[in-house]
Amino acid sequence: MLQMLSFSLVIQLLINGVLFGAIYGIAAIGLSLIFGTMRIIFLAHGTLIILFAYMCYWLFTLLGIDPYLSLIIVIVIAALLGVAIYRGLFTEAAAAEDKNISLLIAIGIMFFLENLMTVWWTGNPRSITTTYTSAVVRLGGIGIPFTRFTGFIMAFLAAGVVVVFLKKTLIGTAVRAASEDIISATLMGINPHRVNGVAFALGIGLAGIAGVDMATIYPFDPFFGFVFVLKSMISLAIGGIGSVTGALLGGIILGLIESLSSFFVPGGWTDAICYAVFLIVLMWRPEGLLVRSVKKA
Amino acid sequence: MENNSALVVKGVDVLYGDVQALWDVSLEVKKGTIVALVGANGAGKSTLLKTISGINRASKGEILFSGKSVSHLRPQEVVDIGISHVPEGRRLFANLTVLENLKLGAYPPRARQVFAESLEKAFALFPVLKSRQNQKAGSLSGGEQQMLAIARAMMSQPTVLMLDEPSLGLSPILVRTMFDLVASLNKQGVTMLLVEQNVRQALKIADHAYVLKNGRIVMSGLGEDLLADPEVQKAYVGERWRKK
């Protein structure tokens, strides 16, 4: 009996890990896209995710818009904001050889937003409670929280859309080319500002989805964004930068590590384990665990 | 400048930070000709090509294309007006397929419209690329990669094609194929600016040639004249010959 119980518990932990990991995954895809063309870790990514969680929160509390309905609004605003951030803040810095300037701008955006959100919404955690917040989908004895389940589905759909966009459209192909070699891309006639802008639109658009997922699942506060971007970086280290599916899988693996270690290891160790994984992967396979690297032409 | 020059470089200086790479470089590429730019490693050959294609900026002087100044243009605009640059080391997109590389070669809007025709031409010229079109560029052999690099550059329908060391890293047989190809593209009306360390082969097919040394043009003339010049023989051709 006890064995049966622990078995279903492990399954439950695995499912929880996979479901939440998918959100790390889409955050990581966004980071990877922006890193691809800009060559910086966009450290404000997590903070933007939290901003979009607040946006979802406001749409819900002030206007009574259902979080899943507000997703459409948030994605559009997020993608536009992504382009605006690039146009407004990065156009000059992106052209500079010294990438530290862009990195500093990203850090500046992060701190600015953290403080702005603290002023607007205070540092106290906020959460959204709807009729389905605590709903559970039952699948053969295993209970799956409804919001986590939808979050997972959205993450997968979003990743699929991004993959198709990058593969099938000319501008998507240009983004992949620029991620490999931006100089060579400009020699093809590709405008670097165009591909950077598209990378930002996609990346921050995904942050919008992650934000809505976040808002429906967890309580959040303005400072959670930094932890989130760190977790996305770990996902990328696991999955390898530059691959959409790798980033998604990396996030899922991280979700599993978190979920399992939070149960089997005494409290407080979870994050330490995550960062240890980060360091070990970078030490052992800096190109990512899941990447099959192709030699440079 | 006369109407028959495709590309004119007038008194160009280029600086890398505090280091001057090019000093008062002038050259002319007449329409429909092959011009070779030869010289030792680090003489500034690649720098000049990069300056023409807008990757580097000239601190002094001017670059004219069909009589109009293009010194201020960015790389994506330079390829748009008809100057295509195959950079040193080919710089293919290794993780993209052959076909995707060719698609990006036709990125400028005017080239996009005739993509199907350009692709057919490229495949006719390099049948091997057709059979490997869905393979990743990084998986091709050195010679195939060079062919892809040239085919990709031709996709933008250039009037001037700049090739930086197309023979680098190729086997002797492929080197000959490569130079034959350059000559045949030229016969089809493409003006060529060719940077080469394989001085002998380059001078053989070039109508006109310039010798670059330490960032300055030190000699210029007809390809065959330079090839016969004792100084050029001693400095570039002979040395290479002795090594073999």
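Two strands are taken to pair if DSSP finds at least two bridges between them. On this basis, in the predicted model described here, strand S3 (residues 34-38) of chain B and strand S9 (residues 208-213) of chain B run parallel and are joined by four bridges, with B:Ala36 standing opposite B:Ala209 in S9(B). On S9(B) there is also an antiparallel pairing, formed over six bridges with strand S10 (residues 216-222) of chain B, in which B:His208 has B:Leu222 of S10(B) as its bridge partner. S9(B) and S10(B) make up a hairpin with two residues between them, and B:Asn214, in the turn, has a positive phi of about 50°.

These strands belong to an open sheet of six strands in chain B, ordered S6-S7-S8-S3-S9-S10, whose pairing is mixed. Strand S6 (83-86) and S10 of chain B are the edge strands, each pairing on one side only, and neighbouring strands of the sheet are turned against each other by 15° on average, direction ignored. Within the sheet, strand S7 (residues 160-164) of chain B runs parallel to strand S8 (residues 191-196) of chain B, to which five bridges join it; the partner of B:Leu161 in S8(B) is B:Met192. Helix H1 (residues 45-52) of chain B packs on this sheet, where it touches S3, S6, S7, S8 and S9 of chain B, and its direction makes about 150° with that of S7(B). Helix H7 (residues 142-154) of chain B, in turn, lies across S6 and S7 of chain B and runs at about 165° to S6(B).

Chain A has 11 helices and two strands, which follow the pattern α-α-α-α-β-β-α-α-α-α-α-α-α along the sequence. Taken along the principal axes, the C-alpha atoms of chain A fill a box of roughly 65 × 45 × 35 Å. The radius of gyration of chain A, 19 Å, agrees with expectation, because a compact globule with 297 residues would have a value near 19 Å.

Among the helices of chain A, H6(A) and helix H8 (residues 192-217) of chain A pack with their axes 9 Å apart and at an angle of about 100°, so that H6(A) is roughly perpendicular to H8(A), angles of 65 to 115 degrees being counted in that class. From H6(A), the contact involves A:Ile171, A:Ala174, A:Val175 and A:Ala178, and from H8(A) A:Pro192, A:Val195, A:Val198 and A:Ala199. By class, this contact has eight nonpolar residues, with no polar and no charged ones.

The contact between the two chains takes 19 residues from chain A and 26 residues from chain B. On the side of chain A that touches chain B, helix H6 (170-180) and helix H7 (182-187) of chain A each supply at least two residues, and the largest share, six residues, comes from H6(A). The residues on this side of chain A divide into nine nonpolar, five polar and five charged.

As regards confidence, the predictor gives the complex an ipTM of 0.92 and a pTM of 0.91. Chain B averages a pLDDT of 92, and 96% of its residues score at least 70. Within chain B, confidence is highest in helix H3 (residues 98-105), at 98, and lowest in helix H11 (residues 230-243), at a mean of 67. Over residues 239-244 of chain B the pLDDT is below 50, and this stretch has two contacts in the model beyond near neighbours in sequence.

Definitions and conventions
Residues are numbered from 1 along each chain as its sequence is written. Chains are lettered from A and ligands numbered from 1 in the order in which they are written. This is a predicted model: local features need pLDDT of at least 70, side-chain atom pairs count only at pLDDT 80 or more; totals for chains, interfaces and linings use all residues. pLDDT is the predictor's confidence in each residue, from 0 to 100. Two residues are in contact if their C-beta atoms, placed from the backbone, lie within 7 Å. Ala, Val, Leu, Ile, Met, Phe, Trp, Tyr, Cys and Pro count as nonpolar, Asp, Glu, Lys and Arg as charged, and the others, Gly among them, as polar. Axes are lines fitted to C-alpha atoms, for helices over the stretch in contact, and angles run from 0 to 180 degrees between N-to-C directions. Angles under 35 degrees count as roughly parallel, over 145 as roughly antiparallel, 65 to 115 as roughly perpendicular and the rest as oblique. The radius of gyration is taken over C-alpha atoms; the globule rule is 2.2 Å times the number of residues to the power 0.38.
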